Amino acid sequence: MLDAFSRAVVTADSKGAPLGRADLVSLRKYVADANKRIDATLAITQNVSCIAADAVSGMVCENTGLTQPGGHCYPTRRMAACLRDGEIILRYVSYALLAGDPSVLDDRCINGLKETYLALGVPLANAVRAIEIMKIATVAIMTETNTGRKMFEGINSGSGADCKDIASEAASYFDRVIDALS
Amino acid sequence: MKSAVTTVISSADASGRFPTLSDIESVKGSFDRASARLESAETLAANIDRFTSESLDYVYGNNSYDQANKDKCSRDINHYLRLINYCLVTGGTGPLDEWGIAGMREVIRAQQLPTVAYIEALTFIRDKVNVPGEMSQQAATEFKSLLDYLINALA
């Protein structure tokens, strides 16, 4: 597993050179944006059940057959598995966001996910839709464009508008999962 | 690769939990020290050749070691300094542990390397760091603690 710092180190080691001023520019930005990154991570961890439950409900509302007998979310045991997977994906996205590098998400979540879903008969299109909704909800909470409670009043980064870049980084991690399942 | 952040994530993942506030606090602690570390890494990268040659001239200057080994020793000191530069960037001893110290004892024994010369060179570099001319006090502290870590591993 790598973070933004060790990723830079591994890249430099392949060239056999130390990391100089030019290489450190992006890392200094990572350090400067640390508070935003922490807030964005909190935006996920404090809203996990809400994000996952909304995404799965949204997916079911668009395909009501899923909860009928014979549907993939019937009986509730399978619906519960679906909610659990949503939370697992969110957890790895939160790790990747904190690290500033997708390797933990790739190695421990995405690798083999599609094969597992195919083997278990999970419909990939519906899984992708649920992840898309999670992405939209997460970005909305981070940038405070959601309805309801706003995240950042009074804590580190001050406002959601400042977290736009971090939110699009988070969106890119969701996109990685979507791409892997598509 | 072990670093402040990956250590926290590994332990969170092992118990299947989201990063907690205390996880985030410890990550934040490493971010707070990061600017000194990066300053130190930058200075080291800019001066790596000078540090190497000055320390080698000092160690091999008094003719107590076989001069034929000077080039090889210089290559190794340069290598170790590069790994220290990586450690300063990651904020942990991961690069030194994985690429420098793992297997080091076996190599030194097999090649009959003069580790005392290495230690002398690294000690010279540690003692010659110019504060605040080359780097700030905090940056020098980070740099020196890694040099000490390596010296202890060689000793």
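Student: Which domains is chain B divided into, and what makes them domains?

Tutor: Chain B splits into domain 1 (1-32) and domain 2 (35-154), with the bounds coming from an automatic or database domain assignment. Bear in mind that this is a predicted model, where local features need pLDDT of at least 70, side-chain atom pairs count only at pLDDT 80 or more, and totals for chains, interfaces and linings use all residues. Residues are numbered from 1 along each chain as its sequence is written, chains are lettered from A and ligands numbered from 1 in the order in which they are written, and side-chain values use heavy atoms, with hydrogens and water left out.

Student: How do you know that domain 1 of chain B and domain 2 of chain B are in contact?

Tutor: Contact means heavy atoms within 4.5 Å, and seven residues of domain 1 of chain B meet that with seven residues of domain 2 of chain B. Their C-alpha centres lie 29 Å apart. About 500 Å² is buried between the two domains of chain B, 51% of it from carbon and sulfur atoms; buried area is the accessible area (1.4 Å probe) that two parts lose on being put together, summed over both.

Student: What makes the pattern of chain B a row of α symbols?

Tutor: Helices are DSSP runs of H or I with at least four residues, strands are runs of E with at least two, and both are numbered from the N terminus. Chain B has seven helices and zero strands, so by that definition its pattern reads α-α-α-α-α-α-α. Chain A has nine helices and zero strands.

Student: Why is E42(B) called buried?

Tutor: Buried means under 20% relative accessible area, exposed over 50%, and partly exposed in between (1.4 Å probe, protein chains only). E42(B) has 13% relative accessibility, so it counts as buried. This residue sits in helix 2 (residues 21-61) of chain B.

Student: Which residues does E42(B) contact, leaving aside its neighbours within four places in sequence?

Tutor: R21(A), L24(A) and R28(A).

Student: What does the contact between chain B and chain A take from each chain?

Tutor: It takes 31 residues from chain B and 38 residues from chain A. Together the chains bury about 3100 Å², with 73% of that on carbon and sulfur atoms. F18(B), F31(B) and E42(B) supply 22% of the area that chain B buries against chain A, more than any other three residues.

Student: And why does T52(B) count as buried?

Tutor: Its relative accessibility is 3%, so T52(B) falls on the buried side of the cut-off. T52(B) is also found in helix 2 of chain B. Setting aside neighbours within four places in sequence, T52(B) touches S74(B), I77(B), N78(B) and L81(B).

Student: How many of the residues in each chain are buried, as a percentage?

Tutor: In chain B, 48% of the 155 residues are buried. For chain A, the figure is 50% of 182 residues.

Student: What counts as a positive or negative charge in chain A, and how far apart are the centres of the two sets?

Tutor: Lys and Arg count as positive and Asp and Glu as negative, while His and the chain ends are not counted. Each charge is placed at NZ of Lys, CZ of Arg, CG of Asp or CD of Glu. On that basis chain A has 19 positive and 21 negative side chains, with centres 1 Å apart. In chain B, the mean positions of the 15 positive and 20 negative charges are 2 Å apart.
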